[in-house]
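I wrote down what I looked up, item by item.

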Amino acid sequence: MLRLKTILQYNYLYLILLISVIILSFIRINLNQKSCFTIKEKEFVGILTNKKIEGDLFSFELQSKEKLKCTYYMKTIEEKEFLNSLELGITLSLNGNLSIPLNNTIPNTFNYKKYLKQNKINYILNVEKLEVLNNKTSILYSIKNRIQKHISNYKSKDYINAFITGDKSLIDEDIKKDYQQLGVSHIFAISGMHISLLSSIILFVLKKLKVSENHSYVIVIIFLCFYMSITNYQASVLRSVGLFILLYFNKKYDFNIEVINILFLDIVVILLINPNFLSNIGFLYSSVVSFSLIKYSRLIKGNYLMKTLKVSLIAFAFSLPITLINNYEFNLLSVLNNLLIVPLVSLILYPLSVLSFFIKPIDDILLFIINMLESITPYLLTLKIVVPKVSIVVVIIYYIFLYLFFESYKKIFLTLILALLIIVKIQPVLDQNYYVYFLDVGQGDSIVIKKGSECLLIDTGGKVGFQKEEWKKRKEYYYTDNTIMFLYSIGVSKIDTVIITHGDADHAKEINHLLENIKVQNVIINKGELNYLEKSIPKNLLTKTYKGKLNLTILDTDVIYNNENDNSIVCLLSAYNYKFLFMGDASVKTETDLLKKYNISNVDVLKIGHHGSDTSSGKTFIDATAPKYAVISVGKNNRYGHPKKSVVDNLNKSKIYRTDIDGTINFKINNNGLLIKTYAN
């Protein structure tokens, strides 16, 4: 034991071990995980581990030979009621088709395939038939079901569920976005603060019951291990509980290991168990913030307000790169917001949530405080700074400068940090290349054109809605959330001009959501009668002509047609002697009139009209424009059969790119030529 204690005193041992395990984790993450299933398998049996019902969609996870993400579309309201009554832990028999999860096809946005891989899921199962084999559940799942059923009866169930089980899915998405923009969303995740408070409450009660200290800690550890299973072993909970257990053993056996080294050991153990946690946001935030607060605990002095401010500043500084890597923006005033929100959540909201779980009348008080919190959040301070995608090299340099500052307190290192962030921020503005992105927005159009500080968007995309029975309706998710994140990632915090080629939903449905979330200076809409989408655009933003710095011309046939597609705005972009022609949904009739008025020839890139419909891209027009490259913005397996064979045949002399096959298509143009990059899934 003495020799072990001596070895454990070597501080560099833990740092070397941590670095080695991080490198090993990178290697393990990039190794192909061999699945227990083959893609052709049809029948599966396993345990229902979680579930969610939204409209007519039943999504759930099945623990079989390996974990499967499952989706099933319900056919009747009776079936929905039945599936809603299913308890976790029962045994299901499923029949369906496996599919490989898709990568993101818009760059720098949420990658569903990587997310599932973090959770050790290799396949999505599209369920065709579902049957309950056994209604019996284990003791653990019985407890989980009782907890969920108990929480569902509360008025404050969304927050109680978040603080007790770690599931934030019940909290309204708009509210979560408000917290994110304020820079305080992290405090609603179960972390070291919550685990520490929870364990302190239990230890206090056990002490009052005159239970010995050792027995009290054993009881708390057993409870926390059980609690981890209730939260589905979330990464931040694992790290926090692991640290608590290691600290206990360090004290009990008098190892005298420094707290910072125990944290390193905690991280090492968790990454050895699951290397995918290395890319888990909750785990990264929890680990980095814990490191910073432990390492520089000596600085956290003064009264309660001053301590809270210092904690907020340190946590903000060390977590900033993680925020930028994942969101491409941060709220400069989040430190001040934390002064109000952190005490409110940690000292009032969280304890009341725990107490409400056991004493239901407290639920009314909790609901009042929640309503108060949600009502004040829109008035809190926001100074959003958009920072384009940063490289791992920049992150390493940032942390080196930050470490040197906290070790020396020399202002030069703060200056270097600021200079580093400014360089990253302004780099896209100094870039004089033209970039044209045909975004993969499914069966729709959305095109980003950027040069330096100028950004233009042609159409927003949007899903065409179909009438559904009330019970089948699901919450609408916005395609532009990915567009906005992508724009942030390339350094765009405002759009100079949005051109809505015409008012059809697949081109314009997202316009208002876009306007609510990003600054737009001008909007150009087409001629002819306006539909409800075009009429909803604020009139102060509307303009008839393009006045930006890009070499873009709107081609007008001077004819007002009797349908929306023919009235599409057609644009011609000249970029370093390369010509891009964007056709919207213009038909053969419009194409004929354009050829009569304009000399359009030798087009380098043609955005094909109407997603490859045979109402557009007539042979005469294609022969006249002679495009080297043709881009078809079209949804995968779309119901319209786009693009049509006749259109593809007309383009036999062009290199064709399709968003359903190639994902987002990026053209980079400068004096040296044209470079094409695709983002297929």
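I call a residue buried under 20% relative accessible area, exposed over 50%, and partly exposed in between, with a 1.4 Å probe and protein chains only as cover. I am working on a predicted model, in which local features need pLDDT of at least 70 and side-chain atom pairs count only at pLDDT 80 or more, while totals for chains, interfaces and linings use all residues. Residues are numbered from 1 along each chain as its sequence is written, and side-chain values use heavy atoms, with hydrogens and water left out.

Entry on salt bridges. I took a salt bridge to be a side-chain nitrogen of Lys or Arg within 4 Å of a carboxyl oxygen of Asp or Glu, and the structure holds 15 of them. One of these joins Lys65 to Glu41, with the closest N and O atoms 4.0 Å apart. Lys65 lies in the loop between β2 (57–63) and β3 (67–73) and Glu41 in the loop between α2 and β1, so that the pair links distant parts of the chain, 24 residues apart. Helices (H or I, at least four residues) and strands (E, at least two) are DSSP runs here, numbered from the N terminus. Lys65 is exposed at 52% relative accessible area, whereas Glu41 is partly exposed at 21%.

I then looked at Asp496 and Lys494, whose side chains meet at 2.8 Å, N to O; Asp496 is buried at 7%, and Lys494 is partly exposed at 28%. In the salt bridge of Arg658 with Asp660 the closest N and O atoms are 2.6 Å apart, with Arg658 partly exposed at 22% and Asp660 buried at 10%.

Entry on the cysteines. How many disulfides does the structure have? Requiring a pair of cysteine sulfur atoms within 2.5 Å, I count zero. The sulfur of Cys455 has its closest cysteine sulfur in Cys571, at 14 Å, which is too far for a bond. Cys455 is buried at 2% relative accessibility, and Cys571 is buried at 0%.

Entry on strand β14. I followed strand β14 (residues 570–575) next, and because five of its six residues are buried, this strand is largely enclosed by the rest of the structure. I let two strands pair if DSSP finds at least two bridges between them. Strand β13 (residues 552–555) runs antiparallel to β14 and is joined to it by four bridges, with Ile554 opposite Cys571. Strand β15 (residues 578–582) also pairs with β14 in the antiparallel sense, over five bridges, and there Phe580 is the bridge partner of Leu573. The hairpin of β14 and β15 has two residues between the strands, and Tyr576 in this hairpin takes a positive phi near 50°.

Entry on the barrel. I traced five strands that close into a barrel in the order β1-β2-β3-β5-β4, with mixed pairing. Strand β1 (residues 43–54) pairs with strand β4 (residues 91–99) in the antiparallel sense over five bridges, and Glu43 stands opposite Asn95 in β4.

Entry on helix α2. Ile23 belongs to helix α2 (residues 11–30) and is partly exposed at 48% relative accessibility.
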